[in-house]
Amino acid sequence: MKLILDTADLNEIRYFNTYYPIAGVTTNPSILAREGGDVLALLRAIREEIGAEKELHVQVVETEYARMVEEAKAIAAFLGAHTYVKIPATDQGLRAVMTLSGQGCGVTVTAVLSAAQALLASNAGAAYVAPYVSRLENLCESGIDMVADIAAVFASAGSRTEILSASFKTAREVLDAALAGSHAATIAPEVMRRLLAHPATDKSIAGFSSDWAGAFGRVTLLELLSRR
Ligand code: E4P
């Protein structure tokens, strides 16, 4: 399952792009609003930081078909290849997805809260659908069951649309989405950190270091090898 970073915080993007195997970055209007300032300069800086090959998902703000199509094309032209334009799951959005996917523009249908919406998005030609796991959990429904339903529907339909699960609040939800058949997940920095952090790992590493130091003192294996 591809792991994508869900933020527009450039410092976080730099950190995770250096240390974690991220496949790209997703944003939405709320995420960009959080950063404020010059949005175009920020998007350009994110593209420069992740490079031309990684995915960058940017959402349209317009809500009417023709304006969404115009905005989507402008976003793709501004940010180059491997940019996916996020279009919400509405009737105007579905029409825009059909137009844009027919013209070779990569589209992620976002704000997906049901497998039925995902089926419509896939049939419209979406490259990705983004089901919102936690937002559904907060309505007392299972976000993971939704992801599993979408995976089953796509498998039975032979769909080429990928599932980009989103809106995670816990590391366990991310793992459950992977087990349910999600192809990708977009994850906020704080949840991405929790995927790696484990107290037993820290304890194990501390044990290795103290065992080595007890037997060999301060000299490292690298130093011994370089003296040969
Ligand atoms: C993906 O890009 C979504 O916009 C995002 O994951 C939504 O997450 P939230 O429910 O935490 O706002």
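Guide: Let us begin with the domains, whose bounds come from an automatic or database domain assignment. Please keep in mind throughout that this is a predicted model.

Visitor: Which domains does the assignment give, and what distance separates their centres?

Guide: The assignment gives domain 1 (2-197) and domain 2 (199-228). Taken over C-alpha atoms, the centres of domain 1 and domain 2 are separated by 42 Å.

Visitor: How is a pair of aromatic rings described?

Guide: Two quantities describe such a pair: the distance of the centres and the angle of the planes. In this structure the count comes to 6 aromatic pairs. One of them joins Y15 and Y19, whose ring centres are 5.1 Å apart; their planes stand at 40 degrees, so the pair is tilted. A tilted pair is one whose angle lies between the limits of under 30 degrees for stacked and over 60 for edge-to-face.

Visitor: Where do Y15 and Y19 lie?

Guide: Both lie in helix α1 (residues 10-19), 4 residues apart, about one turn of the helix. Y15 is partly exposed, at 34% relative accessibility, whereas Y19 is exposed, with a relative accessible area of 60%.

Visitor: What is the geometry of the pair formed by W212 and F216?

Guide: W212 and F216 form a tilted pair, 4.3 Å centre to centre, with 50 degrees between the planes. These two residues are 4 residues apart in helix α11 (residues 199-216), so about one helical turn separates them. W212 counts as partly exposed at 28% relative accessibility, and F216 counts as partly exposed at 47%.

Visitor: Which residues form one aromatic cluster?

Guide: The cluster consists of Y15, F16, Y19 and Y20. A ring may also be read together with a charge: the charged end of R95 sits over the ring of Y65, 3.7 Å from the ring centre.

Visitor: What tends to happen to nonpolar side chains in soluble globular proteins?

Guide: They tend to be buried together. Here the largest nonpolar core has 56 residues, of which I46, I87, L100, V109, V129 and I150 touch the most other members.

Visitor: Which residues does V129 touch?

Guide: Leaving aside residues up to four places away in sequence, the contacts of V129 include V109, V112, A118, A121, I150 and F154. Among the others are T161, E162, I163 and L164. There is also a second, separate core of 5 residues, which includes I4, Y84, L164 and A184.

Technical notes. Residues are numbered from 1 along each chain as its sequence is written. This is a predicted model: local features need pLDDT of at least 70, side-chain atom pairs count only at pLDDT 80 or more; totals for chains, interfaces and linings use all residues. Side-chain values use heavy atoms; hydrogens and water are left out. Rings of Phe, Tyr and Trp (its six-membered ring) pair if their centres lie within 6.5 Å; planes under 30 degrees apart count as stacked, over 60 as edge-to-face and the rest as tilted. Buried means under 20% relative accessible area, exposed over 50%, partly exposed in between (1.4 Å probe, protein chains only). A charge sits over a ring if NZ of Lys or CZ of Arg is within 6 Å of the ring centre and within 35 degrees of the ring normal. A nonpolar core is a set of buried Ala, Val, Leu, Ile, Met, Phe, Trp, Tyr and Cys residues joined through side-chain atoms within 4.5 Å. Contact means heavy atoms within 4.5 Å.
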